[in-house]
Amino acid sequence: MSKRLNETSKLVNKTKLYPLEEAMVLVKQTAKAKFDETVELHIRLGIDPKQSDQSIRGTVTLPNGIGKSRKVAVVAQGEKLKEAEASGADVAGFADIIEKISKGWLDFDVLVATPDTMKDLSKLGKVLGPKGLMPNPKSGTVTFDIARTVKELKLGRVEYKNDSYGIIHCAIGKASFTPEKLAENAKNAP
């Protein structure tokens, strides 16, 4: 182990169960990297992920965000396009956005679409799918409620899903957050 890892491991008693607030103070003490580290929550569910009825998936909006601003692109038409622009979407459009994406433009973190535009957007499945950017009704990115969705994504809505071992991994903030904010986000996480 490195010298830094040896020093931080002395701060943590591995046989003790820490209350949430005390654990968040320890997170602040052990964060020694030269960048703002991401704090994650990992929950072992004790499920059999091979059984489809035991899969866990959802979204949650954290009260203090995740410490990262997201670029939100919206594909909509008519009134919903105006609603997207008014709600704070970074990029909004219809045919122009679809054409830019087909030419390789992927300068956004989340793509939100209305159900009536999915017919045209589905042609870009081979481009957006492997990058995890394809809008999906299960994750709440295919919706007519554009304003609420864009605001939630900007505030810090996170998506969670169990992995192949039955564990959920979810970012709950940055090491620069106060222990109180981290604890509040952890209480509201999945």
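**Chat about a predicted model**

Me: Which residue forms a salt bridge with Lys80?
Reply: That's Glu83, and the closest N and O atoms of the pair are 3.2 Å apart. Keep in mind that this is a predicted model.

Me: How far apart are Lys80 and Glu83 along helix H3?
Reply: They are 3 residues apart in H3, which covers residues 79-87, so about one helical turn separates them.

Me: And how many salt bridges does the structure hold?
Reply: It holds 12 salt bridges.

Me: OK, new topic: sheets. What's the strand order in the open sheet of 3 strands?
Reply: The order is E4-E3-E5, and the pairing is parallel. E4 (91-93) and E5 are the edge strands, each pairing on one side only.

Me: By how much are neighbouring strands of this sheet turned against each other?
Reply: On average by 15°, if you ignore direction.

Me: What packs on the sheet?
Reply: Helix H4, residues 95-102, does, and it touches E3, E4 and E5. The direction of H4 makes about 115° with that of E4.

Me: Back to E3 and E4: over how many bridges do they pair?
Reply: Over 3 bridges, in the parallel sense, with E3 being residues 72-75.

Me: Which residue in E4 does Val74 stand opposite?
Reply: Val74 faces Ala92 there.

Me: Which one gives the most?
Reply: E7 does, with 5 residues of the lining.

Me: And what's the lining like by class?
Reply: There are 9 nonpolar, 8 polar and 8 charged residues in the lining of the largest pocket.

Conventions:
Residues numbered from 1 in each chain as written. Predicted model: local features only at pLDDT ≥ 70, side-chain atom pairs only at ≥ 80, totals over all residues. Heavy atoms only, no water. Helix = DSSP H or I, 4+ residues; strand = E, 2+ residues; numbered from the N terminus. Nonpolar A, V, L, I, M, F, W, Y, C, P; charged D, E, K, R; others polar. Pairing = 2+ DSSP bridges. Axes fitted to C-alpha atoms, helices over the stretch in contact; angles between N-to-C directions. Contact = heavy atoms within 4.5 Å. Salt bridge = Lys/Arg side-chain N within 4 Å of Asp/Glu carboxyl O.
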